[in-house]
Amino acid sequence: MSKNLFYTLQKSFFLDQKLISYAKSDYYPFHMPGHKRANLEFPNPYSIDITEIDGFDNLHHAEGILKEAQMRAAEIYGAKQTFYLINGSTCGILSAISAALPKKGTLLMSRNSHKAAYQAAYLRELETIYLLPTITEFGISGSIPPSYVAQALEDFPQIKGVFITSPTYDGVVSDIQKIADIVHSYNLPLIVDEAHGAHFMFSKKFPVSALSCGADIVIQSLHKTLPCLTQCALLHVNSKRVDIDLIKCFLDIYQTSSPSYILMASMEQCLRLLKEQGPKRMKEFTQLLNQFYQIAKNLKHLKIFEKSDYSQEICFDQDYSKILISVGSTGLTGKELYHTLLHKYHLQMEMLSGHYVTGLTSIMDTELGFQKLFSALQEIDRKNYKSDSSNPEKDLTTKNIYQIPKPNMSISMALEQTSETLSLKASTGHISQEYIYLYPPGIPLIAPGEVLTGNLLRTISQCQEQGLSIVGLSDKEKKRIKVVKI
């Protein structure tokens with residue numbers, strides 16, 4: 001595609017027109033959704049867009065065709081009961097936490113959890129205790145060791161439930177089997193955000209799903225890694241430790257009362273495709289992945305993340321369909337690598353960070369797509385090398401970005417206090433009333449009720465200087481923050 005067409009795409013015109021123009025371009029998607037804009041012979045959405053008319057059931061009181069569809073989904077995944085989510089994994093996380101814990105209870109959760117878990121803590125006025133994952137030399141969060149969970153449950157007997165994110169946005173998986181055994185020894189429920197692992201069930205080349213490891217509730221996003229429309233997700237219930245009627249009650253609260261039949265049809269089509277063609281497509285897909293990782297070993301300066309470089313304590317397992325590419329010794333920054341892949345090679349990656357970029361793949365990726373990615377990386381690797389590749393951006397690793405929080409009060413309590421607005425520079429020592437996220441993936445650098453430290457504010461400033469996406473602040477210029485008024 002010509003440079004002129006790229007800039008045409010950037011102009012402000014009607015969204016539908018811009019989407020059509022982008023679809024006609026040669027930009028290759030190494031990002032979600034997992035259908036990769038491929039033609040799955042889906043009906044014209046206008047022709048099947050209906051409401052709860054006769055013969056088409058009601059998602060909130062499913063008794064017919066939708067009940068049967070959800071039962072088929074449960075059978076495919078091996079769950080006791082499965083619910084369609086048409087508001088994404090977000091509403092599943094909100095519903096699971098709300099149903100599993102009493103109001104004002106205490107939740108043990110991995111710090112690198114999606115913002116929906118924090119929002120559930122706010123809505124249910126929960127106290128939160130955090131599990132910090134290990135850190136890899138690659139500069140990303142590793143697994144949550146089972147020993148961390150065991151120690152926290154021993155130290156804090158008031159805990160009423162546990163929430164773990166596995167896999168992480170980077171594809172790192174924790175030992176859910178051991179964690180589930182520990183949590184259940186206290187007769188507590190384990191909820192696993194497996195939003196990025198809906199494909200695990202369909203190939204032994206991927207980690208074992210939390211559903212097979214004893215988790216009580218598992219939330220999965222079909223659209224992230226499978227051929228399904230955006231917002232399509234599933235909530236699986238795998239035990240009786242959480243009242244199923246409470247789960248239904250909160251799903252009724254957090255999901256729209258007008259669920260999209262287009263999205264539900266997409267879920268039905270996706271799961272039917274996996275049941276009928278899953279083994280063949282997964283075999284072809286994993287072969288492409290294996291080929292990519294094998295030839296990527298020839299890169300001299302760029303570095304690809306692989307679990308074999310780490311102990312199980314640091315990285316228990318990895319979803320290798322997430323391709324993490326570190327700038328290594330190229331002298332580039334993550335932002336420079338990301339934009340080079342985008343503008344020069346027309347490869348749209350999923351995410352950029354200070355020192356690496358992430359590409360998401362699925363069964364809908366093509367051999368040509370993998371070839372384009374490797375050819376681009378090979379050329380970048382050959383042309384970019386600095387013996388002194390020290391960059392300030394390299395300090396922006398997970399270890400430095402996601403620091404140990406200093407809690408002062410619960411999220412809900414902080415948001416109920418009188419506020420004042422200060423410049424970020426003047427907010428050191430104050431209690432935040434806002435979230436600050438790097439997005440994607442939407443993990444808070446700080447949450448309401450936590451103390452703003454000098455180290456954290458320096459990190460935020462550094463992220464802003466490097467052009468990383470900081471969201472959450474109500475100030476549009478991202479220079480001021482609401483804090484609890486002293």
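Q: Which residues of helix 3 are buried?
A: This is a predicted model, where local features need pLDDT of at least 70, side-chain atom pairs count only at pLDDT 80 or more, and totals for chains, interfaces and linings use all residues. Residues are numbered from 1 along each chain as its sequence is written, and side-chain values use heavy atoms, with hydrogens and water left out. Buried means under 20% relative accessible area, exposed over 50%, partly exposed in between (1.4 Å probe, protein chains only). In helix 3 the buried residues are Leu66, Ala69, Gln70, Ala73, Ala74 and Tyr77.

Q: How far apart are the end C-alpha atoms of helix 3?
A: Helices (H or I, at least four residues) and strands (E, at least two) are DSSP runs, numbered from the N terminus. The expected span is 1.5 Å times one less than the number of residues. Helix 3 has 13 residues (65–77), so it should span 18 Å. The end C-alpha atoms agree, at 19 Å.

Q: Which side chain does His199 join in a polar contact?
A: His199 is buried, with a relative accessible area of 1%. A polar contact is a pair of N or O atoms within 3.5 Å; within protein, one must be able to donate a hydrogen and the other to accept it, and residues adjacent in sequence count only if both atoms are side-chain atoms. At 3.0 Å, the partner of His199 is Thr225.
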